[in-house]
Amino acid sequence: MVAPPHDPIKILPVVLAGGVGARLAPISTPERPKPFVPLADGTSLLTQTLERLKAPQFLSPLIIGRAQDRFALLNHARACGITPAAILLEESGRNTAAAVSVAALWAQATHGGDVCVAILPADHFISPAHAWHHALAQAAMAAQQSKAICLLTATPREADPSFGYAVTGHATARHPWQTITRFVEKPADPQTLIGQGARWNMGQFIASADQFLTALADHAPAVLQGAQTALREGQQHYEFTELGRWPANTPSLPFDRAVLEHAPGVAVPFTGQWQDLGHLSSWKAFTGLDPEYYAQQPVRTDRPWGYFESIQLSLNELIKRLIIYPDCRLSLQRHQQRSEHWRVLAGVAYVELDEQVKRLEINEEIAIPSGSWHRLGNHHTDILIIEEIQIGKCDENDIERVEDDYGRK
């Protein structure tokens with residue numbers, strides 16, 4: 001296998017984070033879909049994916065996800081210290097062929113057709129990062145030289161019919177990549193393919209934007225046309241691009257079946273540890289965490305300023321933990337059916353209360369009477385953590401906003 005060039009190809013990472021994770025239920029829920037489910041150390045698979053992109057070979061990432069997860073997507077990137085090049089939002093998912101189509105069109109328009117694009121699902125465990133960086137650099141070079149889509153592949157640990165399998169030829173001095181001679185997605189007889197030397201498709205694809213678009217035009221033209229419409233009719237809102245409505249006749253197809261089973265491709269093996277954690281059985285076996293563990297964890301709700309966790313709820317009382325990111329503030333608001341009590345757990349809080357501004361440090365407290373206009377802000381570089389106790393009718397709809405930095409009403 002050829003070594004990466006001295007001046008590595010710059011790669012545009014595209015993080016696919018729109019999966020609901022139905023196969024991971026009940027760990028994955030509509031309120032906390034698969035990319036955001038925390039592991040034992042508190043990090044999510046999306047966080048780990050983004051952390052791997054903090055290397056010189058990567059451009060700022062493009063993130064694609066569900067519209068209802070917009071603030072979670074933004075906040076997981078913030079927590080990693082990453083500013084995405086863009087976050088594209090889908091009202092309803094159209095599977096991975098559609099997501100790859102939108103990504104390639106966006107990449108071509110933003111960086112030009114020659115830009116190297118890496119499609120990276122956000123539900124994979126990968127280790128070590130340096131081995132993955134090396135394999136991706138090799139894959140970028142292989143895609144550039146072969147003019148074909150390059151896959152990263154892993155050694156099968158079992159004959160699992162839920163994976164895609166790539167049978168490859170041998171690398172040569174002239175062509176230092178492995179040519180894919182046969183690709184089968186979810187085969188009926190994976191053991192036979194493994195006997196022929198097949199490897200698991202890791203679901204990570206690398207090619208230029210033009211190469212992706214050519215393959216899609218040849219093998220999934222209706223999907224590509226739908227993506228052109230969705231991107232053209234998209235609207236910018238705050239830090240997101242909301243894709244337009246997909247034409248009703250746009251097929252919902254996985255990229256593997258739509259393109260990889262038909263288009264010529266090449267492969268680069270990854271020698272580290274790779275695990276697809278999209279299934280409940282694989283999640284439990286790999287992490288040791290089951291649904292009972294998650295049922296005991298606080299529910300996280302993301303907002304544009306950070307997020308809150310509901311810690312304890314009784315008939316007329318709710319305890320929350322608010323995490324406010326640096327240089328962010330909540331809306332100027334009031335509640336008619338509840339009062340609130342705030343205590344600073346970390347950082348420095350600036351509280352607006354009925355036209356007065358108060359500065360609170362750790363362990364200092366303040367009462368917010370019902371009907372009072374108030375706002376909480378973090379003007380420092382450290383995260384602000386607040387314990388909030390709501391007393392009364394604890395309803396998220398009991399919010400009247402008069403001023404908001406994020407356009408909410």
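Reply: Helices and strands here are DSSP runs, numbered from the N terminus: a helix (H or I) has at least four residues, a strand (E) at least two. This is a predicted model, in which local features need pLDDT of at least 70, side-chain atom pairs count only at pLDDT 80 or more, and totals for chains, interfaces and linings use all residues. Residues are numbered from 1 along each chain as its sequence is written, and side-chain values use heavy atoms, with hydrogens and water left out.

Start with proline 33. Proline 33 sits in the loop between S1 and H1. Strand S1 covers 11–17, and helix H1 covers 45–51. Is proline 33 buried or exposed? Proline 33 is buried, because its relative accessible area is 0%. (Buried means under 20% relative accessible area, exposed over 50%, and partly exposed in between, with a 1.4 Å probe and protein chains only.)

What does proline 33 touch? Set aside its neighbours within four places in sequence. Proline 33 is then in contact with Gly19, Val20, Ser28, Arg66 and Asp69. (Contact means heavy atoms within 4.5 Å.) Take the last of these partners. Aspartate 69 is 36 residues away from proline 33 along the chain, yet their C-alpha atoms are separated by 8.7 Å.

The loop between S1 and H1 also holds proline 26. A cis peptide bond joins alanine 25 to proline 26, with omega about 5°. There is a cis bond elsewhere too. Serine 127 and proline 128 are joined by a cis peptide bond, with omega about -5°. Proline 128 lies in the loop between strand S5 (124–127) and helix H4 (129–146).

Now move to the strand that includes Arg66. Strand S2 spans residues 62–66, and leucine 62 lies in it. Leucine 62 counts as buried because its relative accessible area is 0%. Which residues surround leucine 62, leaving aside neighbours within four places in sequence? Leucine 62 is in contact with Leu12, Pro13, Val14, Val15, Ala86, Leu88, Ala103 and Trp106. Tryptophan 106 is 44 residues from leucine 62 along the chain. Their C-alpha atoms are 9.0 Å apart.

Just after H2 comes glycine 81, with a positive phi of about 75°.

With neighbours within four places in sequence left aside, leucine 50 is in contact with Val15, Ile63, His76, Ala77, Cys80 and Ile82.

Arginine 52 lies over the face of tryptophan 132, at 5.4 Å from the ring centre. (A charge sits over a ring if NZ of Lys or CZ of Arg is within 6 Å of the ring centre and within 35 degrees of the ring normal.) Arginine 300 does likewise with tyrosine 307, lying over its face at 3.6 Å from the ring centre.

Aspartate 327 is in the loop between strand S16 (317–324) and strand S17 (328–329). Its phi is positive, about 60°, although aspartate 327 is not a glycine. Aspartate 327 is exposed, with a relative accessible area of 64%.

Aspartate 354 also has a positive phi, near 50°, and is a residue other than glycine. Aspartate 354 lies in the loop between strand S20 (349–353) and strand S21 (356–360). How accessible is aspartate 354? Its relative accessibility is 42%, so aspartate 354 counts as partly exposed.
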